[in-house]
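Here's a quick briefing to read alongside the model. Have the sequence and the 3D view open, then work through the points below.

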Amino acid sequence: MFTIEHEFDATVITLVDEGDDPRDYLREDITIQSFEDCVVVEQLDETTETVVRVVFSHAQLRELAAALDLPEGVYRLQSRTKA
């Protein structure tokens, strides 16, 4: 399950890890905040009770999205030229 909220300076997406089987290893919610200049991903670390934060540029996020569907290798995304 996930939620999407539009705030003043960011779009906030929350990913909720859910399952019916008690044997499922469920993780804490992940919060993704998309700002004009970066994307912030946060998740509570259950062992230390601290929030772990990773900050991506939008270019890094585009590369991550592309990488999820590619085989092993080295790649460089080409920018689209506007006609």
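Strands β3 (residues 30–34) and β4 (residues 39–45) run antiparallel to each other, with five bridges between them. Within that pairing, glutamine 33 has valine 40 of β4 as its bridge partner. This is a predicted model, where local features need pLDDT of at least 70 and side-chain atom pairs count only at pLDDT 80 or more, while totals for chains, interfaces and linings use all residues. Residues are numbered from 1 along each chain as its sequence is written, and side-chain values use heavy atoms, with hydrogens and water left out.

**The sheet**

- Zooming out, five strands make an open sheet in the order β1-β2-β3-β4-β5, with antiparallel pairing.
- The edges belong to β1 and β5 (50–56), which have a single partner strand each, so one side of each lacks a neighbour in the sheet.
- On average, neighbouring strands here are turned by 15° against each other, direction ignored.
- Strands are DSSP runs of E with at least two residues, helices are runs of H or I with at least four, and both are numbered from the N terminus.
- Two strands count as paired if DSSP finds at least two bridges between them.

**The β1–β2 end**

- β1 and β2 (residues 11–15) pair antiparallel over five bridges, and a hairpin of four residues joins β1 to β2.
- How many residues of β1 (residues 2–6) are buried? The count is zero among its five residues, so to speak a hardly covered strand (buried means under 20% relative accessible area, exposed over 50%, partly exposed in between, with a 1.4 Å probe and protein chains only).
- Phenylalanine 2 sits in β1 and bridges to leucine 15 in β2; with a relative accessible area of 55%, phenylalanine 2 is exposed.
- Phe2, Ile4 and Leu15 make a nonpolar surface patch of about 300 Å².
- Patches take residues with over 30% relative accessible area and no salt bridge, joining like charges within 9 Å and nonpolar side chains (Val, Leu, Ile, Met, Phe, Trp, Tyr) within 5 Å; the areas come from the Shrake-Rupley method with a 1.4 Å probe, and for residues only the protein chains shown count as cover.
- Threonine 14, in β2, is buried at 15% relative accessible area.
- Beyond its neighbours within four places in sequence, threonine 14 is in contact (heavy atoms within 4.5 Å) with Met1, Phe2, Thr3, Asp29, Ile30 and Thr31.

- The structure has one salt bridge, meaning a side-chain nitrogen of Lys or Arg within 4 Å of a carboxyl oxygen of Asp or Glu.
- Arginine 53 and glutamate 42 are the pair, at 2.4 Å from N to O.
- Arginine 53 is in β5 and glutamate 42 in β4, so the pair ties together parts eleven residues apart in sequence.
- Buried or exposed? Arginine 53 counts as exposed at 56% relative accessibility, whereas glutamate 42 is buried at 15%.
- Valine 52, also found in strand β5, is partly exposed at 42% relative accessibility.
- Setting aside neighbours within four places in sequence, valine 52 touches Val41, Glu42, Gln43 and Asp45.

**The helix**

- Helix α1 (residues 58–67) lies across β3, β4 and β5 and runs at about 95° to β5.
- For such angles, axes are lines fitted to C-alpha atoms, for helices over the stretch in contact, and values run from 0 to 180 degrees between N-to-C directions.
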